[in-house]
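Me: Hi! I have a chain open and would like to talk through how it is put together. Can you walk me through it?

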Amino acid sequence: MPLAMAAEGETRTITDFRGQEDMKRHLRDLGFMKGERVRVVGENAGGMILMVKGVKVALNRGLAHKIMVAD
């Protein structure tokens, strides 16, 4: 499922990315790697605040839809 579908407080494991290679590279540069655990810290209509590798990162929902996660 896309990360954008995860609720606040949930922790998920990144399984895959969708989109073009430059977008995938940008997400990797932010710390989003396959197998990495990511927690939804907060959210609003425009985006999400995520905790990945001990760092809070804000992403818009468009990018969050391109990150596939599992339990």
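Reply: Happy to; what follows goes through the sheet, the core and the salt bridges in turn.

Me: What kind of model is this, and how are residues numbered?

Reply: This is a predicted model, where local features need pLDDT of at least 70, side-chain atom pairs count only at pLDDT 80 or more, and totals for chains, interfaces and linings use all residues. Residues are numbered from 1 along each chain as its sequence is written, and side-chain values use heavy atoms, with hydrogens and water left out.

Me: Great. What is the strand order in the sheet?

Reply: The order is 4-3-2-1-5, in an open sheet of five strands with antiparallel pairing. Strand 4 and strand 5 are the edge strands, each pairing on one side only. On average, neighbouring strands are turned by 45° against each other, direction ignored. As for terms, strands (E, at least two residues) and helices (H or I, at least four) are DSSP runs numbered from the N terminus, two strands pair if DSSP finds at least two bridges between them, and axes are lines fitted to C-alpha atoms, for helices over the stretch in contact, with angles from 0 to 180 degrees between N-to-C directions.

Me: How many bridges join strand 2 to strand 3?

Reply: Five, and the two strands run antiparallel. They form a hairpin with three residues between them. Valine 40 stands opposite leucine 50 of strand 3, and valine 38 has valine 52 in strand 3 as its bridge partner.

Me: And how many between strand 3 and strand 4?

Reply: Six bridges there, again with an antiparallel run. Leucine 50 has valine 57 in strand 4 as its bridge partner. The hairpin of strand 3 and strand 4 has two residues between the strands, and lysine 53 takes a positive phi near 55° in it.

Me: Why is strand 3 described as largely enclosed?

Reply: Five of its six residues are buried, so strand 3 is largely enclosed by the rest of the structure. Buried means under 20% relative accessible area, exposed over 50% and partly exposed in between, with a 1.4 Å probe and protein chains only.

Me: Switching to the core. Which residues have the most contacts inside the largest nonpolar one?

Reply: Leu3, Phe32, Val38, Leu50 and Ile67, in a core of 19 residues. Among the elements that give two or more residues to this core are strand 1 (11-17), helix 1 (21-29) and helix 2 (61-64). Strand 3 gives the largest share, three residues. A nonpolar core here is a set of buried Ala, Val, Leu, Ile, Met, Phe, Trp, Tyr and Cys residues joined through side-chain atoms within 4.5 Å.

Me: What does phenylalanine 32 contact?

Reply: Leaving aside neighbours within four places in sequence, phenylalanine 32 is in contact with Ile14, Phe17, Leu27, Val38, Leu50, Val52, Val57, Leu59 and Ile67. Contact means heavy atoms within 4.5 Å.

Me: Where is leucine 3 found?

Reply: In the segment before strand 1. Leucine 3 is buried, with a relative accessible area of 0%. Not counting residues up to four places away in sequence, leucine 3 touches Val38, Val40, Met48, Leu50, Ala64, Ile67 and Val69. The C-alpha atoms of leucine 3 and lysine 66 are separated by 7.6 Å, although these residues are 63 apart along the chain.

Me: Now the charged side chains. How many salt bridges does the count come to?

Reply: Five, taking a salt bridge as a side-chain nitrogen of Lys or Arg within 4 Å of a carboxyl oxygen of Asp or Glu. In one of them, arginine 12 pairs with aspartate 71, the closest N and O atoms being 1.8 Å apart. Arginine 12 lies in strand 1 and aspartate 71 in the segment after strand 5, so the pair ties together parts that are 59 residues apart in sequence.

Me: Are those two buried or exposed?

Reply: Arginine 12 counts as buried at 12% relative accessibility, whereas aspartate 71 counts as exposed at 71%.

Me: What about arginine 61 and glutamate 43?

Reply: Their side chains meet in a salt bridge, 2.8 Å from N to O. Arginine 61 lies in helix 2 and glutamate 43 in strand 2, so this pair ties together parts that are 18 residues apart in sequence. Arginine 61 is partly exposed at 21% relative accessibility, and glutamate 43 is partly exposed at 33%.

Me: Which residues do salt bridges that share partners join into one network?

Reply: Glu10, Arg12 and Asp71.
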